[in-house]
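Start with the structure below.

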Amino acid sequence: MNIIQSIADGESSAGDTSPLDYYLSHWLSAVLLAVGFALGWFVTALRTRAEISKMRAESITEEGKTLKEIQHHRRLYIEATRECAVCVNRLMDVLRSDAASDADVRTARDAFCSAVGDSAIPRFHELVEWEYLDKKSSSEELKIFVESHVAPELARFDRWIQAVNRDEFVVRRNLAPYKLSIGTVQPFLSVLSGLAPNDRATFEPGISQSIASLRGARVGE
Amino acid sequence: MASDWEIDRALQAAAEAVVGRRLSTTELDRLKQSFRSKVGGTRFRFSRAIDETFGISEGTQQQKTAASDNLDRLVTDLVNLVAQPPKKP
């Protein structure tokens, strides 16, 4: 017998309960179940949204810390570069002085070498590490950073070191060529690891050449 | 909404840490507006919003470039100086 017919005939299929009551109680259960599912879904959606917001808030806090560190290390690098400028001026004053001895030139040159090798370059490397942390998620942004900041600055370091390794210092005044340790310059290569392979191939030769030069090659060698 | 409030609070705290002072209401509103108008990851949007609102990164970047340019110019002077022939006694 079909269900509609049995409801219409008022036949009981479960003891004293009428078929209408029986089917209504099932419908009610189904509706309650659906409401329960909907509520569950809504609560889960709210919870997920709250979790996403929490993660975003944490990302903002982390980025704030990174930006603060970048600012801090940029200022340290600026100070180190200004210190180098003071040392170059002092070296030029010594060279212009008629009374300056070779020992005076050596002292002034050593001060400049120390300012570049022990202060400016390590400060720049710290800055690069923080900038890398900030930009590593975007290879395009990292590429711009390497192209416009890392590679040109390494080329400058090279020029500065080459300047104090010229024959006028090394041959004429018998001063030892200034060389940077591998630990000071090699870490700059790590910034290339975040680049796309073709970008890495573009920048690696220039940066490697600057590093090799900073490690001791002299002008004309 | 509670979740927006959480993000706004994080924006304010992080920006104040970077800038190094408390933000005015106008600055905070500009920061929030700038952050919400950006597309991309949260960190990227925040750093761009900070740059756009305060220009701090650009400012120190210019100082860094200026300091480095100045030293480079001085080193060129040094090279020119040592390249001169020695003075005759």
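## The interface

In this predicted model, the contact draws on 47 residues of chain A and 41 residues of chain B. The size of an interface is often given as the accessible area lost when the parts come together. Here, about 3,900 Å² is buried between chain B and chain A. Carbon and sulfur atoms give 65% of that area. On the chain B side, Arg43(B), Lys64(B) and Leu71(B) lose the most area to chain A. Together they account for 18% of what that side buries.

Asp69(B) forms a salt bridge with Arg156(A). The closest N and O atoms of Asp69(B) and Arg156(A) are 2.4 Å apart. Polar contacts between chain B and chain A number 14 residue pairs, with both residues at pLDDT 80 or more.

Which helices of chain B each supply at least two residues of the side that touches chain A? They are α1 (2-19), α3 (42-54) and α4 (56-83). α4(B) gives the most to that side, with 21 residues.

## A nonpolar patch on chain A

Val31(A), Val35(A) and Leu39(A) form a nonpolar patch on the surface. Their accessible area together is about 260 Å².

Val35(A) lies in helix α2 of chain A, which covers residues 19-96. Its relative accessible area is 45%, so Val35(A) counts as partly exposed. A residue needs over 30% to join a patch, and Val35(A), at 45%, is in this one.

Conventions
Residues numbered from 1 in each chain as written. Chains lettered and ligands numbered in written order. Predicted model: local features only at pLDDT ≥ 70, side-chain atom pairs only at ≥ 80, totals over all residues. Heavy atoms only, no water. Patch = residues over 30% accessible without salt bridge, like charges linked within 9 Å, V, L, I, M, F, W, Y side chains within 5 Å. Areas by Shrake-Rupley, 256 points an atom, 1.4 Å probe, with all protein chains shown as cover. Salt bridge = Lys/Arg side-chain N within 4 Å of Asp/Glu carboxyl O. Helix = DSSP H or I, 4+ residues; strand = E, 2+ residues; numbered from the N terminus. Buried < 20%, exposed > 50% of the residue type's maximum accessible area, 1.4 Å probe, protein only. Contact = heavy atoms within 4.5 Å. Buried area = accessible area lost by both parts, 1.4 Å probe. Polar contact = N/O pair within 3.5 Å; in protein donor to acceptor, adjacent residues only side chain to side chain.
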